[in-house]
Amino acid sequence: MKRNVLGSLMVLLLVCVLAGCGTEQKNDTNSDITNQNQTQSENTNEQSTNEEIMAKQDKVVVAVPQDPDYLDPHLSAASGTTEIMFNVFEGLLKADPSGRVIPAIAKDYTISNDGLTYTFKLQQGIHFHNGKEVTMEDVAYSYKRLKGDITGEPLSEAFEEVEINVVDDETIAFQLTEVNSGFLVNFTKAVIPSGLGEEAHNKTPIGTGPYKFKGYNPSQNIVLEKFDDYRIEGIPKINEVEFRIFADSQSAFMSLLAGEVDMYPRMETENIEMLPENYYYVEGMQNMVQLMSMNNATEPLNDVKVRQAINYAIDTDFIIEAVANGKGTKLGSNMSPVMSFFYEDGLQDKYNINIEKAKHLLKDAGYEKGFELTITVPSNYDLHVKTAEVIVEQLKAVDIQASIELVEWGIWLDRVYKGRDYETTIIGLTGKLDPNNILFRYETNYPRNYMNYSNEQYDTIIAQAVKTTNEEERARLYKEAQVLLADEVPAVYIMDPNFIVALKSNLKGYQLYPLYVQDMSVMYFD
Amino acid sequence: MRYLLRKMSSVIMTLFLVTVITFIVFEIIPGDPIAAKLGIEADKVQIEALRKELQLDQPLIVRYKDWIGNALKGDLGISIRFDEPVINLIQIRMMVTSRLALIALVITIIIGVPLSIITAKYDNKGIGIGTSIFSQIGMALPSFWLGILMTYLFGLVLKQFIPGRYVPMEQNFVQGLNYLLYPAIAIAIPKIAVVVRYLRNAIMDQTNQDYVRTAYSKGLRSHQVMVRHILRNALIPVITIMGMIIADILGGSLIIEQVFTIPGIGRLLIMGISNRDFPLVQGMVIYIALIVIAINLLVDIMYHFIDPRIKLN
């Protein structure tokens, strides 16, 4: 309650401050802007003189939270890097906004009936950013480099066992040793030019995407520039994109208030009310699963009854309202409804709050008097911290004394994710294009099965699904897996928090993906 | 000469100890540079490749030996997180932070010294009490809070600068100066308060000394007495404080740089630590240690010049 009062006071203060800007800006900013040789868009209420500038705006500033791990697309693993470099690189295939993979550098492809051979035809006349035409040599180089044939060091697990055969100048075949129905997405890995040396790709990355890499200043920004020779006519539209790195969301939002940032992905919901008039926002599901993971190997969480009781005691509807202002989609298993074809509907209501049932289950499990529970939360994720605060309160109803342990992100990665030394934790698992890459983290032998979940039946289903090429059958199996997760609840599945992106009012065309990417190529200034 | 030799050997010893301590601390604290860099999506092949590249499979002693060997040759290694030579990263940011420090220092002196004189002179009058209150408040204000306040006031309300932007001086001198001015003020305010407190007391102590009366009696005017005699003597304790202030700012105005998003040493250090970027942090620790040592040396020497009675030993 105290927090709320404080919060509304802050809002009030900010509104006053903002109101101040609105009037101030009219006479002030004009001279300011012309001084700076960067074009800038203005408040919509500023007319005439600025319209000219608005029409000419050809640079967009996007706020991002972190530095890239590697510029070299084959070394990079962090989703924060993909988010940016999605605009620079393309593979034989590419993801489209619906989450399907479509041909990019490839003209088309076929999969043999046994599901083991993938054959791609190369699209002729595609150019790299350095002007060189993409040849079969480059395609083969790229995937062989991932496999480890070029340096002897494999760079991707996916291609390790794959045999790569160049058939002719336009055809390349990939031979798998066993059927893997989720393999196709691996061909979205970047095709890069051969013959530049191994180090060059990390210094001056070159791809075939709609934007070319212009520069990177550590902890400051990454600048991309329009690629005029892009394979699709009329794309991209905006000349320059600067991804500016803000270490904390506070300064990112402050910068947006000052009109410096044109686009702010993953804005916190509480900032929506404070958005200036000349901004709007787009929201949608982001294929993320926010969950309270339980360490299934520790007592008392190894008892399925205890896990179910916790699920009954936690009111996820309330959490969505309280911490996300209702901007989230309730989940019942480890899959977001955005994966519509594979999503098992109905599970989200399986554990609607029921304190009686929870108490009963705890009694059965021998924990009638409750127990103590630690929730380890990475302190840099405000959403997860707030969720934890709500859960602590909710669990009191069934006498579970939960306490929050805030840890730094680096420690979370090391101790919780890698070391599995925790009781419960709240985190968001980012979505993947293929359901296998989402659900295999519960497999007994998956190296990052940090929840220590183990169920033979589950392992069998996943193994079977990977070997199934029939899409309907695959979907059925993955739905079965979701049902199993909902029964056994290795975690409390909370929500797919809405992805909110704030945009300047003259910046249009934002395209939501069920992936962690910002597609700048389709955006334009109106 | 003997003084210099002794000083040098203690410098080397200090630096050596600092590197050893950093190494050990990094070994003890939880956190994993590989996970910090690659995130939670990396597959095991990628993790293995990076581990080998960073030689994390080697024992601690071997890694330290390698590192110190290279460092002696002037090679501080490559930053894990940024894939850039540590030296380059530090040099670029050093330019920014040293300018920030210089501006903050100038502000501190040109406001702090006259203010102290005024306060001392009008000790019990309105001005004196006013500045006393100011200095008390100034010392109590945390500079990050001042920073946030100033970002609101000068950035969002008065629109003197754009929060989140930074313009290097090389690109545009006036704007560059402008972007450093506000953080420098935020740094300077608490420091001014400290200077006023010390210098005022020192001046008041000196004013009651016999030599001041002598100076007056030989016909000097009041400001001549102040500048030539009192201030000179009063500055000695203040030099120490100044040394501490410079080291403090140069060593990274950690929070202010974060608040004003200035790409300086402080921000780099925070990035380095939170990413467990060992070579980067180690490099910066050495750099900061060097600065502190150099400034202490400088302070010692300055003592000697201000008051020749103080011997260097």
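What share of the contacts in chain B with a separation of 6 or more comes from residues 24 or more positions apart? The share is 71%, with contact meaning heavy atoms within 4.5 Å.

## Basis of the model

This is a predicted model: local features need pLDDT of at least 70, side-chain atom pairs count only at pLDDT 80 or more, and totals for chains, interfaces and linings use all residues. Residues are numbered from 1 along each chain as its sequence is written, chains are lettered from A and ligands numbered from 1 in the order in which they are written, and side-chain values use heavy atoms, with hydrogens and water left out.

The predictor's confidence in each residue is pLDDT, on a scale from 0 to 100. Chain A has a mean pLDDT of 86, and 89% of its residues reach 70 or more. Residues 1-55 of chain A have pLDDT below 50; this stretch still has 56 contacts in the model beyond near neighbours in sequence.

## Chain B

Chain B has 13 helices and zero strands. Helices (H or I, at least four residues) and strands (E, at least two) are DSSP runs, numbered from the N terminus. The C-alpha atoms fill a box of roughly 85 × 60 × 35 Å along the principal axes.

Of the 313 residues in chain B, 49% are buried. Buried means under 20% relative accessible area, exposed over 50%, partly exposed in between (1.4 Å probe, protein chains only). The accessible surface of chain B is about 15,500 Å², and 68% of it belongs to carbon and sulfur atoms. Such areas come from the Shrake-Rupley method with a 1.4 Å probe; for residues, only the protein chains shown count as cover.

## Chain A

Chain A contains 14 helices and 21 strands. Its 526 residues are 57% buried. It exposes about 21,300 Å², with 49% supplied by carbon and sulfur atoms. Among its contacts between residues at least 6 apart in sequence, 69% join residues at least 24 apart.

Helix H6 of chain A spans residues 249-257, and seven of its nine residues are buried. Among them are A:Phe253, A:Met254, A:Leu256 and A:Leu257. A:Gly259 follows H6(A) and has a positive phi, near 80°.

## The A–B contact

The contact draws 44 residues from chain B and 56 residues from chain A. The two chains bury about 4,500 Å² between them, 53% of it on carbon and sulfur atoms. B:Ile40, B:Glu41 and B:Lys159 supply 16% of the area that chain B buries against chain A, more than any other three residues. Buried area is the accessible area (1.4 Å probe) that two parts lose on being put together, summed over both.

A:Ile411 sits in helix H11 (residues 409-418) of chain A. Not counting residues up to four places away in sequence, A:Ile411 touches A:Val416, B:Pro30, B:Gly31 and B:Arg276. A:Ile411 counts as buried because its relative accessible area is 16%. A:Leu347 is 64 residues from A:Ile411 in sequence and 33 Å away in space, C-alpha to C-alpha.

## A loop residue in chain A

A:Thr468 lies in the loop between helix H13 (456-466) and helix H14 (471-488) of chain A. Why does A:Thr468 count as buried? Its relative accessibility is 13%. Leaving aside neighbours within four places in sequence, A:Thr468 is in contact with A:Ser181, A:Glu473, A:Arg474 and A:Leu477.
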